[in-house]
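Please keep the sequence and the structure in view while going through the points.

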Amino acid sequence: MERFFKRFVSEDKGAVTVDWVVLCAGVVGLTAAVYGTLNDGTSNVASGAGAALGQMEAGNF
């Protein structure tokens, strides 16, 4: 059993996989946060532009 435990602890093939999973989870989380922030801001700008364009009369440039 001691030999199995030493071999298990010294094995590092799965460590790279864990690093990639953590890295990908961080990227996905950061992307979701940025999307949420930008979505609110661009939605407000688009609403304001739409309201301004809606108040204009045709041919009144």
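1. Is Glu2 buried or exposed? In this predicted model, Glu2 has a relative accessible area of 56%. The cut-off for exposed is over 50%, and Glu2 is therefore exposed.

2. Glu2 is one partner in a salt bridge, the other being Lys6, and the closest N and O atoms of the pair are 3.3 Å apart. Lys6 also counts as exposed, at 54% relative accessibility. Both residues belong to helix 1, where they are 4 residues apart, about one turn of the helix. A search of the whole structure finds 1 salt bridge.

3. Helix 1 covers residues 2–10 and includes Phe5. Phe5 is exposed, because its relative accessible area of 54% is over the 50% cut-off. Phe5 also contributes to a nonpolar surface patch, together with Met1, Phe4, Phe8 and Val9. The area of this patch is about 650 Å².

4. The chain as a whole contains 2 helices and 0 strands. Helix 2 comprises residues 13–55. For residues 20–38, an unreviewed UniProt entry lists "transmembrane region"; this label comes from the record. In the model, that stretch is 100% helix and 0% strand, and its end C-alpha atoms are 27 Å apart.

5. Leu53 is found in helix 2. With a relative accessible area of 59%, Leu53 is exposed. Between Leu53 and Ala33 there are 20 residues of separation in sequence and 31 Å in space, from C-alpha to C-alpha.

6. The overall dimensions deserve attention. The C-alpha trace spans about 85 × 15 × 10 Å along its principal axes. The radius of gyration of the chain is 27 Å, whereas a compact globule of 61 residues would have a value near 10 Å.

7. What percentage of the 61 residues count as buried? The value is 0%, where buried means under 20% relative accessible area. The chain exposes about 5,800 Å², and carbon and sulfur atoms supply 67% of that area.

8. To bring the points together: the model has 2 helices and 0 strands, and 0% of its residues count as buried. Helix 1 holds both Lys6 and Glu2, which are joined by a salt bridge. Helix 2 runs over residues 13–55, and the UniProt entry places its "transmembrane region" at residues 20–38.

Notes
Residues numbered from 1 in each chain as written. Predicted model: local features only at pLDDT ≥ 70, side-chain atom pairs only at ≥ 80, totals over all residues. Heavy atoms only, no water. Patch = residues over 30% accessible without salt bridge, like charges linked within 9 Å, V, L, I, M, F, W, Y side chains within 5 Å. Areas by Shrake-Rupley, 256 points an atom, 1.4 Å probe, with all protein chains shown as cover. Salt bridge = Lys/Arg side-chain N within 4 Å of Asp/Glu carboxyl O. Buried < 20%, exposed > 50% of the residue type's maximum accessible area, 1.4 Å probe, protein only. UniProt positions renumbered as here; feature names shortened; annotations may be inferred. Rg over C-alpha atoms; globule rule 2.2 N^0.38 Å.
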